[in-house]
Amino acid sequence: NWVMGDYVEEAVARIREQVGDEEVILGLSGGVDSSVAAALIHRAIGDKLICVFVDNGLLRLDEGKQVVNTFQTHMGMKLIHVDATERFMTALAGVSDPEAKRKIIGREFVHVFQEEAGKLKQAKWLAQGTIYPDVIESAGAKTKKATTIKSHHNVGGLPDTLHLKLLEPLRELFKDEVRALGLALGLPRDMIFRHPFPGPGLGVRILGEVKHEYADLLRRADAIFIEELRNTYHEGKSWYELTSQAFTVFLPVKSVGVMGDGRTYEWVVSLRAVQTSDFMTAHWAHLPYELLGRTSNRIINEVRGINRVVYDISGKPPATIEWE
Ligand code: XMP
């Protein structure tokens, strides 16, 4: 709409004035905030923006391809796509404690990003998709000493040691304003209204030790669940829209099954879908049995290696949304 159009013009002018003709680096995750920040800064300074997308091997099915397709092919941005899968997998080998896994994933991300940033000698700025609620939250975290349930990590958490000036063009915006801005900048609706995805990615959805094999099975199972949620409607809305977050969890547990006239002994996955307004508390979603049934049949038929699907009916509290 035109109000957002005016906002875009003002924001573009502000960015141009702030950075002049200096180069800017941005860590792109494919999430809403970093994507909108990238699109806005690109509108302002074009090729002076260089996006760095780190594939940690813990992303959803085809996510890397989608990011390259949207930002490089369609929007014409300069994008460095780093496939760091092996590095993350090596660092995670043999580690099964949830907090240890989170710390490793966060640390490796910083290292990979720092390496890439170090190669871009011209860059003077680091852009981040920090939004207003993040600003409030980190101010609160300094004064309150909250019990840490999970050490959160996202692309915003880069250290000062990069010696770059910070560019945070979304600092004053709420999430819904960020979404409207993203749409005004021409980002795809699916990207703007995608469910949140945690920084450690599938690393916290594969319980215990992370392995290539588990990540591959989980990606395929999860893609089926999401497709069924998107294609099943209730009163004009898809179940994807009717849930706040939905995903599949890999359980490193084998159980016995039967297929044709043979016995199987394969892995279990759990489906998780919640409704919430703030992610601090959440209800499990009362998905239709038909949708759950179809998803289960498809996963078991299409993903060899998984022979059992369960549905998580735990609220938060006492459970959390992610399993780790
Ligand atoms: P929990 O599992 O604590 O999750 O109920 C609440 C929300 O936070 C997301 N989450 C994360 N997001 N980095 C993130 O950016 C993280 O490390 C992280 N851990 C959990 C989770 O997906 C849910 O939306």
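Which residues of the largest nonpolar core touch the most other members? In this predicted model, the answer is V24, I25, L26, V36, I41 and C51, out of a core of 77 residues. Helix 2, spanning residues 32-45, is the top contributor, giving the core 9 residues. Domain 1 (2-192) and domain 2 (205-311) each supply residues too, so the core lies between them.

L26 gives a view of the core from one of its members. Setting aside neighbours within four places in sequence, L26 is in contact with S34, A37, A38, I41, L49, C51 and A127. Two of these partners, I41 and C51, turn up again among the core residues that touch the most other members.

Next comes a helix pair. Helix 4 (residues 85-92) packs against helix 5 (residues 98-119) at an angle of about 145°, and the axes sit 10 Å apart. The crossing of these two helices is right-handed. On the helix 4 side, the contact is made by R87, F88, A91 and L92, while helix 5 brings K101, I104, I105, E108 and V112. Sorted by type, the residues of this contact come out as 6 nonpolar, 3 charged and no polar.

With neighbours within four places in sequence left out, its contacts are E108 and V112. R87 has 16 other C-beta atoms within 10 Å, so it counts as partly exposed. R87 also lies 9.0 Å from G57, C-alpha to C-alpha, with the two 30 residues apart in sequence.

Conventions: Residues are numbered from 1 along each chain as its sequence is written. This is a predicted model: local features need pLDDT of at least 70, side-chain atom pairs count only at pLDDT 80 or more; totals for chains, interfaces and linings use all residues. A nonpolar core is a set of buried Ala, Val, Leu, Ile, Met, Phe, Trp, Tyr and Cys residues joined through C-beta atoms within 7 Å. A residue is buried if 20 or more other C-beta atoms lie within 10 Å of its own, exposed if 12 or fewer, and partly exposed in between; C-beta atoms are placed from the backbone. Helices (H or I, at least four residues) and strands (E, at least two) are DSSP runs, numbered from the N terminus. Domain bounds come from an automatic or database domain assignment. Two residues are in contact if their C-beta atoms, placed from the backbone, lie within 7 Å. Axes are lines fitted to C-alpha atoms, for helices over the stretch in contact, and angles run from 0 to 180 degrees between N-to-C directions. A crossing is left-handed if the near helix is turned anticlockwise from the far one by less than a right angle, and right-handed if clockwise. Ala, Val, Leu, Ile, Met, Phe, Trp, Tyr, Cys and Pro count as nonpolar, Asp, Glu, Lys and Arg as charged, and the others, Gly among them, as polar.
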